[in-house]
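Welcome! Have a look at the structure first, and then read on.

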Amino acid sequence: VSRSATGPATATLTQFVLKIHSRCDLACDYCYVYRHADQSWRRRPPTMSQAVVRQAAARIAEHASAHDQRWVRVVLHGGEPLLVGPRRLRAIATELRATIEPVAQLDLRMQSNGTQLTPEVCEVLRDCHIAVGISLDGDRASNDRHRRYANRASSYDTVLRALELLRRPAYRHLYAGILCTVDVRNDPIAVYSALMAQDPPRLDFLLPHATWDRPPVRPGSRTPYAAWLLEIFRRWSADGRPVPIRLFDSILATGRGGVSGTESLGLDPADIAVIETDGSWEQADSLKVAFDGAPATGLNVFSHTVDDVAAFPAVAQRLAGLDGLCATCRACPVVRQCGGGLFAHRYRRDNGFDNPSAYCADLKELIVGINDYGSSSTAGAASVREVDDLGLATFEAVGRGYGDAAAIGRLADLQLEIARELVAAVAADAPPGAWQLLLEVERTAPRAVRAVLSHPYVRAWAVDCRRSPAGRIEYLNAIALACAVRGGLEAELPVPVHDTAVYLPTLGRVDLPGPRSTPPVLSTTPGKLHVRDGDHRLTLDLTAPREPWWPSARVDLDGLSLVVEDSDPHRDCHYWPPTGRLDEPARRAWRQSLATAWRIVLADAPEQAAGMTAGLRVVTPLVAAPDGRRRSSYARHAFGAVAVAPTDADALAVLLVHEFQHVKLGALIDIIDFYDPTYPGLITVGWRPEPRPVEMVLHGTYAHLAIADMWRARAERSGDAAAAATFRRYRDWTTEAMANLAATQALTPAGVRLLALMDATIASWR
Amino acid sequence: MQAARLVAALDQNHKLPLDRIPADDIAKIVDRIAPREPAPSGRDVAAFNSAI
């Protein structure tokens, strides 16, 4: 269970563990539910009734509403929660969503041993948006040390089959990660490697439950757990920290003054409560290791609210942070990172929980070891090792908010390859002629294919096709024909009509008013395009813009060559609607406006201009806002395109720079995980009244960084007070949002590095 | 797919003809970039206006 990064100031709870099934099909010998002091499971019903689910959901919604909580997390747990079966699981999830979502965003998760995970269950998980964490202790030998069936049979192969299911494209987004319980008798690197082989989106390591009365097994060393975990930490760092590992990320985050991501460490409130199958409210599950009845509160969902639970003395103590710790912990130099460890691990029969953790020595050594590593010169490089192959110089330059032609060209090459692979992926559904023609052109004129597949909206089309190919896939014929024209090959294919025209990407459109029963057929000869549309025949000279042939509106400026895209049928992927085809005066006006705007960009943002020459290929005109407000947009699946409604050249220059920042960051996000996409918290920003999701805040800071820089240049050049004020406003928005981002647990090491690079740019302005 | 592996695969495949790109690479890359199942509503930020 995670801690909330947006934890409330008053005693409220945001995370709820629902024990929907209290039995398990495995008999792991370290299990805190069945093998430790608390034996309350014997007295509870095996499954949670729908009445308890309904009342629990109502209590959670009631609490969220009373405390204006924007999101809550519910973790379906057990025993083994999947023992309820797929039908019951769907009913539970539906009840929870129906009751809680009108009040707050629901982050619904499950922790499972994986043995019951079938395709049928995965369909329910997908329909109900339930992310699943799977328990696995590493390689076969390590896992089988504890995680066995009652007859001692291994669970390993069954769990690996579950993980294979979760890795399938259809279910990958449900794969929350792997939870591994440490056993220091296992080889740490073998465990780490086996877990990584399952391609998890994240990992977490748990210390086996222990108390001062039942101390941890310590074969041959005073701090074997620290040594074991540090070995993995060093390997993970050397690997470039390829996936988040919650235990390590928590120590790294709290070392920077951020929040912990786990109730096992740190001082942030552990705002968690458990609801048992009979509706009893309980404290953290791990307390079962202390004594029989330790987690009990005497409260239940039918008679008591979440506020009652939050006020329960032992729960309140765990919400009290530093004040809830013993004197030894309060005096410890690493207390802010350790937080006394897991509450349950502090238990001693004679004085309860007023102790350091039974793992105190290990935790201290682990934290100091990670802090020392983090302050060494190699750690910074390690945190961005995962982007080395992108080209560290590229990442550094783009991360700072800039990126010259070489850096942006590198991103453009990677984007082209992504487009190629998307086209190859959807080609299986395409008519065979197009694919064969594409391959033929690639063999004889590869540059022609690359020019067409670099067109921003080819990817947008491929993504649409991937999600729904019917009625879209035929456009591959137009793509292949455009390649043939550019490559000088003769070819003939039928092409789809969009709004009374056919369009050849990068070349232009032919207006062909209907009606027709079959699509027109286009054939190419050098410099010519021949159209057969029913009984109608015509030949077009591609070099002569004459009705019905409308070549793409190319604009060649000082160092920048782009197209004003008013025809591509797939350009409607921006937030705002695009205009229809422009007439010649309108095209001329755009050319003039862009020429003036580009001169302004060259003067006010020369470092941005350098990158734009290598990456900006298309400007798509948008329908103007009825109220005259400025409109502009980028689209994630259209690298190289920005869309904008007509405006004055001064504003256009700013909007081009702004949207191209989104284009650059979108290309990086394609490749690098800067944040945890499942992070449900929202972040306050200065430029919008309502809090925003992480990716949008990252985009906003990155765009505003460049705009602040642009206004700084304007202010310095002109001495204009209004320009200086605008600069300060954008800079302050950027720095505040970056600080708010950094305070979450949502960023990966690469995300932290990205913020550090942006921060270096801001620092250079002082 | 990790960033380093993703970039290495993209660089390698960039040199190959379209029909020689390993199917496994295509599946992994496409799954990352354009999964068939879009993100849950409210988190789909693939397209949004400039007032982020």
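In this predicted model, ring pairs join Phe205(A), Trp228(A), Phe233(A), Trp236(A) and Phe248(A) into a cluster. Rings of Phe, Tyr and Trp (its six-membered ring) pair if their centres lie within 6.5 Å; planes under 30 degrees apart count as stacked, over 60 as edge-to-face and the rest as tilted.

Over all chains, a search of the whole structure turns up 15 aromatic pairs. Two of them are set out here:

| Pair | Centre to centre | Angle between planes | Arrangement |
|---|---|---|---|
| Tyr575(A) and Trp576(A) | 4.8 Å | 85 degrees | edge-to-face |
| Phe727(A) and Trp765(A) | 5.7 Å | 70 degrees | edge-to-face |

The pair of Phe727(A) and Trp765(A) links distant parts of the chain, 38 residues apart. Phe727(A) belongs to helix 25 (residues 721-742) of chain A, while Trp765(A) is in the segment after helix 26 (749-764). Helices here are DSSP runs (H or I, at least four residues), numbered from the N terminus.

Tyr575(A), by contrast, is partly exposed at 46%, and Trp576(A) is partly exposed at 22%. Buried means under 20% relative accessible area, exposed over 50%, and partly exposed in between (1.4 Å probe, protein chains only).

The charged end of Arg581(A) sits over the ring of Trp550(A), 4.0 Å from its centre, and Arg714(A) lies over the face of Trp711(A), 4.6 Å from the ring centre. For this, NZ of Lys or CZ of Arg must be within 6 Å of the ring centre and within 35 degrees of the ring normal.

Residues are numbered from 1 along each chain as its sequence is written, and chains are lettered from A and ligands numbered from 1 in the order in which they are written. Local features need pLDDT of at least 70, side-chain atom pairs count only at pLDDT 80 or more, and totals for chains, interfaces and linings use all residues, while side-chain values use heavy atoms, with hydrogens and water left out.

Conventions: Helices (H or I, at least four residues) and strands (E, at least two) are DSSP runs, numbered from the N terminus.
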